[in-house]
Amino acid sequence: MESSEPRVGVYVCHCGKNIAGKVDVRRVAKEAGRHPRVAVSRDYFFMCSRAGQELIKRDVEAGKVDRVVVAACSPKLHEPLFRRVVAEAGLNPGYMEQVNIRELVSWSTEDPEEATRKAIRYVLGGVEKVLAAEPIEVGEAEVVREALVIGGGVAGLAAALDLAEKGIRVHLVERSPTVGGLMALLDRVFPTGDCSLCILTPMMAEAEAHPLIDIHTTSEVVEVSGSIGDFRVRVRKSPRYVDPEKCVACGVCASKCPVEVPNEWDAFLGKRKAAYIPYPQATPRAYVIDPNACLFIREGSCGACAEACPTKAIDLREEPREFELRVGAIVVATGVREYDASNLKNYGFGRIPDVITQLGFERLINVTGPTGGHLRRPSDGKVPKRVVFIQCAGSRDVNHNPYCSGVCCMVSLKQAEILRSEYPDSKVYICYIDMRTAKKGFEEMYERVRREGVVFVQGKPGEVWRDGDELVVEVFDKTLGRKLELRADLVVLAAGLSPSEGTLKVREVLNVGADLHGFLQELHPKLKPVETSRPGIFICGGAQGPKDIPDSVAQAKAAASAAATVLVRGRVEVTGERAYVDPELCVGCMACADECPFGAIVEREGRAEVVPAACAGCGICQPVCPTGAITRRVYGVEQVMRQVAGLLEAAPASPGGEV
Amino acid sequence: MSGDEVAYYPGCSALTTERPYLRTAEVVLERLGVPHRLIDDAPCCGTVELEMVDRQASRRVAEIVAEVAGGATLVTGCSGCYGTLRRGGAEVTHLIEFLGRRVGAEEIARRVVRSWPVKVAPYYGCQALRPREQAIDDPEDPQILEELMSAVGAEPVDFRMRVKCCGGPILLRRPEYAKQMARSVLESARDAGAECVVTICNLCHFMLDFYGGGILPVLHATQPIAYALGEPIDDLGLEEHFTPVPRGLFRP
Amino acid sequence: MSLAKRVLEISGQDVTKCFQCAECTSSCPSAGLDGFYPHRLIRAILLDLRDEVFRGDYKLCMHCHLCSVRCPVGLNFPEVAIALSNVETKERGPDNVERAFISELSKRAFVNPARVALSALGVRVLALAGLRGLKLAGMLAESGSVREEYRREVARVVRG
Ligand SMILES: Cc1cc2nc3c(=O)[nH]c(=O)nc-3n(C[C@H](O)[C@H](O)[C@H](O)COP(=O)(O)OP(=O)(O)OC[C@H]3O[C@@H](n4cnc5c(N)ncnc54)[C@H](O)[C@@H]3O)c2cc1C
Ligand code: SF4
Ligand code: SF4
Ligand code: SF4
Ligand code: SF4
């Protein structure tokens, strides 16, 4: 082998049994070693361990190899690590290629022989690719020391406050007219039973008053370009029609307003006017006008509120406006909503008024709710004496949400406890599949509620029907071994949690991953729980997955801390793994700029130019360029073609063949 | 309304105990101007019983029926046949789906010559709604029959048993229980204030009409539709029911 | 082969998915008849308890599919029942009711429900139906046209 030719080192990882349990790693290393350009080929238990890293470094430092292929897990996980390892050994990080033989091979292939052959092909593809590699430059860029928090529920508030306490300016963008999220609608919270608003309103007030926090309500993020350290964010603020600076929350507008609509803030159990305030503690504490209900906005008549307002706070002609923010990091806390129980036809929600959801129950016992905190059933206003809870009504069900919502067992326990203490005559049943009470203080609560006399029926009800003014819940009691027809005055469905509409929307705007159900996807389920596929964007709370308040807050603090790490350091490494334009080839058609989802390509002197900090490295630009001038480094045409050739040509020898 | 030809598969009970269903189904298609022919040379669908004995044989039957239908749209008014043929792989449309969705309730309302202002309990039974793959409407909260009944001027009432089983499938194994189920359908309709029940299946009709204890008259959905489209009362086959249908029901 | 596997092969229904929530049984109009409980049958299939599975109660399923549209894991119990019955017919032949039904089919290619009821239940129905039974009996004379091919098919099934 001539010394001027690149020499490749191949390192095959066992990943304990993860890879070696299926793939014959020895054989992979041996086969790779037969490639004429491969100078060294080894296998090792854990390439990512200290000792594994040393193996690579020693070979590079000794001059044995100057290109490295690591066949291991997904590059999503360890590519940065192995790039750093070769860089520390004095090699350009572009000369390291990580081949995924775990997720793509050992975990997803049944047959060991097939898996081994596949792994050999993948590795040889990697060898060819690294032989065509070009060096990548790594630079640094200045960070904008401000943060954006999207969503002002308890998670968003916790993240914003933490960031602000670290001295970072925070822009909090909230879709609805108030911060607070779902928690603001709850009466008490498990497992301690403390009053929800009493612990939340101080947070809301503190965020509002904090000099480093700007709250933008009735606002949504519509576009985000740029990348970690320097995001450009377009925000659209819908009109509130009431100036919160002038509004003294006297409520005169609402009293004059002739329009009444079902109140979404009361789970539709009560009514509100077109001019309304979501609840008395809403922050900002100002009224708002619903453009879909308001007569003036819809058809130009009325205007009673504006006339009556003593401080002239109302402007029914207010227009939406847009503005731009520049931030270094983004925390997404767009939360959850209760699953739409009207899909549960057999339980009659929407058809039978006294079948309500857990959120409806919260509103009916909450002093800010439609009944002033006195539990009254919707049909006839009577105090319900017998209440049946139906668990998993919409969760753990392939016809609805297949996952466990995680909170609703505890919510029913909480609500049962409230019922028993405030209405001691009440008879309470909870029909369940499994009671899930796995966290601190939860099992104790379960026991407490049993001792309160609440009856737990194991069995999922088939249906609920009306018999006169009673409800009947038909359920097979597994313990008793026969069907029961539970007579009830009120039925509460544990409908569970779905991603909020805003969570589903924000994902498109941010270009971050989501799981099957629409919850935002963390980069790694254990080790990168708040990071996303887009560096600089962090997730927390219900937006990431169904969870309760303590977990939402804990995760929010983690996300704030991860965001602060970027912002406090003040500089970010700008990776060279991005698009480059060859000015010789570029004809300035700017087709690439049209495709770029991140607005990273600008025109300069009749040629396209990539703004390094804005390029996310997605590579979408590469195939649209008519002259092949734009290349996403590491995935250049030459590299990819050679990788494919390596994959196809490498028909490995049969097992036991001479090596 | 014209278009593709309909090949109408009556289901064998419609040739014996349920003849008024076949007759009025044909009348309705006729009066709506739907070109159709009767399939009179294909076998019984075999029902679930044949599936229970031999799945393959049941598929074969469905194949034969589809062959006989040829290129025409295969339509049946019997939910039992509909389900068995669907599961057997035949492309088949339920008559009620054909009327409610292809022709459309508005179109029928437009052609109504006399209204039928009766409080009616639209009864679906099972096979037109379930399993999910063969549902002509929501499996638990359908509206299609309500729409058709409203189109002819009737007032549909909601009742608990509207999508429940008539008991037919276990008539031969547990006759007493099956009859009790049939009765409970009618009781629930009566308690909801209905003057009569309409069905969309040969077997459901047989069960409710024959075993329902005469609690309420039980009509085939096509009878009031035929009436509203102008068919004379005498031609609705009312006297062929086991439970007498008071003629007053058709004399508002 | 385990029962669960055979059921899977015949019907595509994988009973291992069941998490025993009993929503099927809660929904089932036949539940409790002769000890019939769909969720329990699923469990018995999983445990391969043949005697228990083939006690015969699964034939009380009315195929109303209230369970299958509600089952949270998407199991279709009536399809499971059909698979069980197919297995049983192969091993032991059709039961009385099925025989009455199938023989009507093979003789006439169509089924008169009243007539099958008569042959399966004997005079009981007639007596219950009272006078109306006479009207029924008159209908028994009715016949439909028969397709040869179909008759052969049914004959094959009946012979087993
Ligand atoms: C009935 C019920 C009872 C509960 N009881 C308890 C309990 O007792 N104890 C407990 O610990 N947990 C309880 N929970 C769970 C608790 O509500 C959640 O854990 C908590 O609300 C999650 O907080 P969050 O901030 O992540 O999301 P959310 O509270 O949903 O807040 C999200 C916020 O983001 C805003 N938003 C959404 N999309 C956008 C967007 N695109 N742009 C801008 N803003 C956006 C929303 O308007 C909202 O204000 C209960 C849940 C329910 C349904
Ligand atoms: S202008 Fe609109 S919000 Fe104001 S009072 Fe009239 S309807 Fe209500
Ligand atoms: S938390 Fe309980 S009620 Fe909610 S989905 Fe999970 S098991 Fe069902
Ligand atoms: S409903 Fe489905 S999951 Fe529940 S016990 Fe029945 S078969 Fe099993
Ligand atoms: S289909 Fe059978 S098992 Fe299922 S609910 Fe109906 S009768 Fe019961």
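In chain A of this predicted model, strand β22, which spans residues 427-432, pairs with β23(A) in the parallel sense over four bridges. Within this pairing, Ile430(A) has Phe456(A) of β23(A) as its bridge partner. Both strands belong to an open sheet of five strands, arranged in the order β20-β27-β21-β22-β23 in chain A, in which the pairing is parallel. The edges of this sheet are formed by β20 (355-357) and β23 (455-458) of chain A, each of which pairs on one side only. From one strand to the next, the twist averages 25 degrees.

Two helices of chain A pack on this sheet. Helix α12, made up of residues 358-365 of chain A, touches β20 and β27 (490-493) of that chain, and its direction makes an angle of about 90 degrees with that of β20(A). Helix α13, covering residues 408-422 of chain A, touches β21 (386-390), β22, β23 and β27 of chain A, and its direction makes about 170 degrees with that of β22(A).

Chain B contains an open sheet of four strands, in the order β6-β5-β7-β8, and the pairing here is parallel. The edge strands are β6 (155-156) and β8 (218-220) of chain B, and each of them pairs on one side only. Strand β7 of chain B, comprising residues 196-199, runs parallel to β8(B) and is joined to that strand by three bridges; in this pairing, Thr199(B) has His220(B) of β8(B) as its bridge partner. Helix α8 of chain B, formed by residues 202-211, lies across β7 and β8 of chain B and runs at about 160 degrees to β8(B).

In chain C, attention turns to a pair of helices. Two packed helices are described by the angle between their axes and the distance between the axes. For helix α3 (residues 38-46) and helix α6 (residues 77-92) of chain C, the axes come within 11 Å and cross at roughly 50 degrees. Because of this angle, α3(C) is oblique to α6(C). The crossing of α3(C) and α6(C) is left-handed. On the side of α3(C), the contact involves Pro38(C), Leu41(C), Ile42(C) and Ile45(C), which meet Phe77(C), Val80(C) and Leu84(C) in α6(C). Classified by residue type, the contact of α3(C) with α6(C) has seven nonpolar residues, with no polar and no charged ones.

Some features of the backbone remain to be described. Most residues other than glycine have a negative phi, and most peptide bonds are trans. In chain A, the peptide bond from Phe190(A) to Pro191(A) is cis, with omega near -10 degrees, and Pro191(A) lies in the loop between β8 (188-189) and β9 (194-195) of chain A. In chain B, a cis peptide bond joins Arg130(B) and Pro131(B), with omega about -5 degrees, and Pro131(B) is placed in the loop between β5 (119-122) and α6 (144-151) of chain B. Thr47(B), a residue other than glycine, has a positive phi, near 55 degrees; Thr47(B) is found in helix α2 (residues 47-53) of chain B.

Notes. Residues numbered from 1 in each chain as written. Chains lettered and ligands numbered in written order. Predicted model: local features only at pLDDT ≥ 70, side-chain atom pairs only at ≥ 80, totals over all residues. Heavy atoms only, no water. Pairing = 2+ DSSP bridges. Axes fitted to C-alpha atoms, helices over the stretch in contact; angles between N-to-C directions. Contact = heavy atoms within 4.5 Å. Parallel < 35°, antiparallel > 145°, perpendicular 65-115°, else oblique. Left-handed = near helix turned anticlockwise from the far one by under 90°. Nonpolar A, V, L, I, M, F, W, Y, C, P; charged D, E, K, R; others polar.
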